[in-house]
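Student: I have a sequence and a model open. Can we go through them by question and answer?

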Amino acid sequence: MEKTLKKYFPVFVLPTAVAFLIGFVVPFVLAIYLSFCSFTTVSDAKFVGFSNYIQAIKDTSFLHSVAFSAIFTVVTVIIINVLAFAVAMCLTKKIKGTNLFRTVFFMPNLIGGIVLGYVWQLLFNGVLAYFNRTLTYSSMYGFWGLVILLCWQQVGYMMILYIAGIQNISSDMLEAAQVDGASPMQRLFRIIIPSVRPTIVICTFMTLTNGFKLFDQNLALTAGEPSKGTEMIALNIYNTFYGSTSTFRGVGQAKAVIFAVALALIGVIQMRFTAGKEDK
């Protein structure tokens, strides 16, 4: 069997490897090259060195979007994971309609971000109209609007992961702890949470990257208003590349490379952190 696998291994790997090369490696290498160029199209790119990166770092709107995204991500990571874990704990109890509730909580994750953004924009503006306000009245309104939207969308997905982690806990261990007189809080903090730690790590880093990568919801809900106060990193890159003159496309590309490297570092940290927890 092993000889057969070794013999036909290239046949099965080659299509995936070619697709990965064409769809990811080549565009990424080209993107890095263009980040050092001034260009309108790929064919007229002119090498300008690190000037694009210098302009990107000096761009106050980009720095604001980084800070805004960081604060937004910290808030959403905490809220989403706490709510998802709490809902998962409730839905792993023996109550009627558990499967229905799981489906209902998961459904928002199936809706596209653009649709969600416009739907929630109508809801928020409809409520705020009673106070002569709109969602873009201040950046604080937009911030909490984005937080509510992303939490509503992501809690159900993380809930499914937490349910899977909780259901893998040995029922004998929980019953033994209960017989020994452990309170519900003791069972939660001494058995359940330590047992689902790998799931917590995965969900934390997934919500972390989802928060930083948020684009379509940001575009549909606030479009960065007022005065780019709610503009997140992905939207700032988009506006720099497409919303400015062609001379800024290299700057937009440089921002995109910086963003991609940052996300890659987060992914590496996640893998190392997860591997460390599994080894223990």
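Student: How many helices and strands does the secondary structure of the protein come to?

Tutor: This is a predicted model, where local features need pLDDT of at least 70, side-chain atom pairs count only at pLDDT 80 or more, and totals for chains, interfaces and linings use all residues. Residues are numbered from 1 along each chain as its sequence is written, and side-chain values use heavy atoms, with hydrogens and water left out. Helices (H or I, at least four residues) and strands (E, at least two) are DSSP runs, numbered from the N terminus. The secondary structure comes to twelve helices and two strands.

Student: In what order do the elements run from the N terminus on?

Tutor: Read from the N terminus. The order is α-β-β-α-α-α-α-α-α-α-α-α-α-α.

Student: What percentage of the 280 residues count as buried?

Tutor: Buried means under 20% relative accessible area, exposed means over 50%, and partly exposed lies in between (1.4 Å probe, protein chains only). The C-alpha trace spans about 75 × 70 × 30 Å along its principal axes. Of the protein's 280 residues, the buried part is 36%.

Student: How many residues of helix H11 are buried?

Tutor: H11 covers residues 233-242 and is mostly covered. Its buried residues include Ile233, Leu235 and Phe241.

Student: Which side chains meet in a salt bridge?

Tutor: A salt bridge is a side-chain nitrogen of Lys or Arg within 4 Å of a carboxyl oxygen of Asp or Glu. That rule gives a count of one. At 2.6 Å, N to O, the pair is aspartate 59 and lysine 255.

Student: How many residues apart in sequence are the parts that this pair ties together?

Tutor: Aspartate 59 sits in the loop between helix H2 (51-58) and helix H3 (60-91), and lysine 255 in helix H12 (residues 249-279), so the pair ties together parts 196 residues apart in sequence.
Keep the two ends in mind. Aspartate 59 is partly exposed at 21% relative accessibility, while lysine 255 is buried at 0%. The separation asked for is 196 residues.

Student: At what angle do the axes of helix H4 and helix H6 cross?

Tutor: Axes are lines fitted to C-alpha atoms, for helices over the stretch in contact, and angles run from 0 to 180 degrees between N-to-C directions. The axes of H4 (residues 98-106) and H6 (residues 139-167) come within 7 Å. They cross at roughly 140 degrees.

Student: Which word describes how H4 and H6 lie to each other?

Tutor: Under 35 degrees counts as roughly parallel, over 145 as roughly antiparallel, 65 to 115 as roughly perpendicular, and the rest as oblique. H4 and H6 are therefore oblique.

Student: Which residues of H8 make the contact with H9?

Tutor: The axes of helix H8 (residues 184-195) and helix H9 (residues 197-213) come within 5 Å and cross at roughly 60 degrees. That makes H8 oblique to H9. Contact means heavy atoms within 4.5 Å. H9 brings Arg197, Pro198 and Ile200, and H8 brings Ile193, Pro194 and Ser195.

Student: Which residues does asparagine 125 touch, not counting residues up to four places away in sequence?

Tutor: Asparagine 125 is in helix H5 (residues 113-128). Its relative accessible area is 25%, partly exposed. With residues up to four places away in sequence left out, asparagine 125 touches Thr134 and Leu135.
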